[in-house]
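Student: Could we go through this structure together? I would like to know what the words used for it rest on.

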Amino acid sequence: MRILPARVDDIEGIIALNDRAGLEPWSRRSWQSYIDSDPWDLELARVGLETVMVGFFLGLQSGPDYELLKIGVEEGSRRKGIGTALLNRSLERAVLRGCSQCFLEVRAEDEGAVSFYRRNRFEIRYRRPAYYRNPVDDALVLNRGLIESMGGERAE
Ligand SMILES: CC(C)(COP(=O)(O)OP(=O)(O)OC[C@H]1O[C@@H](n2cnc3c(N)ncnc32)[C@H](O)[C@@H]1OP(=O)(O)O)[C@@H](O)C(=O)NCCC(=O)NCCS
C-alpha cells in the first residue's frame, strides 16, 4: 500500500469512494480544486501496483491549524491500518506545513469514527448541537497537538 497525492484522473474514483464511505457529497469542481493545490492536501491509499484506490484523505492548512476535512477507507479494506496510515500521513503534511495542531469534526453518533480518532490520540474539545442534517446529529470537534512536548518532538 502506498499513499500518494491525487491526480486529476482520480477524481471520479474519489467521488465514488466518498459516496460509498457515506461522507457528504461535494461537487466535482470542488474536488478538482483540491488537486495539487496549496493549502490543500488530497492523497490516496493505493494497492495492487498502485492501480486500486482503497482510501483517501483531504486536509487543509488554516494558519497554525490543520483541518482534516475528510478521511475514508473502502469498506472491504477497513480494520487493516489503512485509515491510521492515511491519518498519520495527513499529520505529517500538517507538520511540514508548520501547523501546531489538527482539528476535525465527526458525527457524535458515529461510534466507529469516534473510536478511530480516540485510538489515534485525538481528544474531544466541544460539541456543536444539531450541526449535521440527514439525519440530524451533533458534531464533536476533536483535536490533537502536533508538537508533543516543549522540546519540539513531532507527531509520528
Ligand atoms: C473511520 C475509518 C476511516 C477508519 O479506517 P480503518 O482503515 O478501518 O482504520 P484502522 O484500521 O486504521 O483502525 C485503527 C483503529 O481504530 C479503531 N477503529 C477503527 N474503526 C473502528 C470501528 N468501526 N469501530 C470501533 N473502532 C474502530 C480501532 O481501535 C482500530 O484498531 P483495531 O482494528 O486494531 O481494533 C473508516 O472506518 C471509514 O472510512 N469509515 C467511513 C467514513 C468515515 O466515517 N470517515 C470519518 C468521518 S469524520
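**What the words rest on**

Tutor: Happy to. Let's begin at the ligand: the shell of residues around the ligand divides into 8 nonpolar, 7 polar and 5 charged. Please keep in mind throughout that this is a predicted model.

Student: Which residues of the shell come nearest to the ligand?

Tutor: Of the 20 residues around the ligand, Arg-78, Gly-83, Thr-84, Gly-112 and Ser-115 come nearest.

Student: And which helix gives the largest share of the shell?

Tutor: Helix H4 does, with 5 residues. S4, H3 and H4, which spans 111–119, each supply at least two residues of the shell.

Student: How far apart are Arg-119 and Thr-84 in sequence and in space?

Tutor: They are 35 residues apart in sequence, and their C-alpha atoms are 9.3 Å apart in space.

Student: Now the sheet, please. In what order do its strands stand?

Tutor: The order is S1-S2-S3-S4-S5-S7-S6, in an open sheet of 7 strands with mixed pairing.

Student: What makes S1 and S6 the edges?

Tutor: Strand S1 (2–5) and strand S6 (123–132) each have a single partner strand, so one side of each is left without a neighbour in the sheet. From one strand to the next, the twist averages 25 degrees.

Student: How do you know which strands are paired, and in what sense do S3 and S4 run?

Tutor: Two strands pair if there are at least two bridges between them. S3 and S4 are joined by 8 bridges, so they meet that cut-off, and they run antiparallel. In this pairing, Leu-60 stands opposite Glu-67 in S4. The hairpin of S3 and S4 has 2 residues between the strands, and Gly-63 there takes a positive phi near 60 degrees.

Student: Which strands does H3 lie across?

Tutor: H3 lies across S1, S2, S3, S4 and S5, and runs at about 30 degrees to S3.

Student: What about the core: which of its members touch the most others?

Tutor: In the largest nonpolar core, which has 29 residues, these are Phe-56, Phe-57, Leu-68, Ala-94, Cys-102, Leu-104 and Leu-142. Among the elements that each supply at least two residues of this core are helix H1 (11–20), helix H3 (82–96) and strand S5 (101–107).

Student: Which residues does Cys-102 touch?

Tutor: Leaving out residues up to four places away in sequence, Cys-102 touches Tyr-66, Leu-68, Leu-91, Ala-94, Asn-143, Arg-144 and Leu-146.

Student: Let's finish with the backbone. Which peptide bonds are cis?

Tutor: The bond from Asp-38 to Pro-39 is cis, with omega near 0 degrees, and Pro-39 sits in the loop between H2 and S2. The bond from Asn-134 to Pro-135 is cis, with omega near -5 degrees; Pro-135 belongs to the loop between S6 and S7.

Student: Why is Arg-121 called partly exposed?

Tutor: Partly exposed lies between the limits of 12 or fewer for exposed and 20 or more for buried. Arg-121 has 14 other C-beta atoms within 10 Å, so Arg-121 is partly exposed. Arg-121 is in the loop between H4 and S6, and has a positive phi of about 70 degrees although it is not a glycine.

Key: Residues numbered from 1 in each chain as written. Predicted model: local features only at pLDDT ≥ 70, side-chain atom pairs only at ≥ 80, totals over all residues. Core = buried A, V, L, I, M, F, W, Y, C linked by C-beta atoms within 7 Å. Helix = DSSP H or I, 4+ residues; strand = E, 2+ residues; numbered from the N terminus. Contact = placed C-beta atoms within 7 Å. Near = placed C-beta within 6 Å. Nonpolar A, V, L, I, M, F, W, Y, C, P; charged D, E, K, R; others polar. Axes fitted to C-alpha atoms, helices over the stretch in contact; angles between N-to-C directions.
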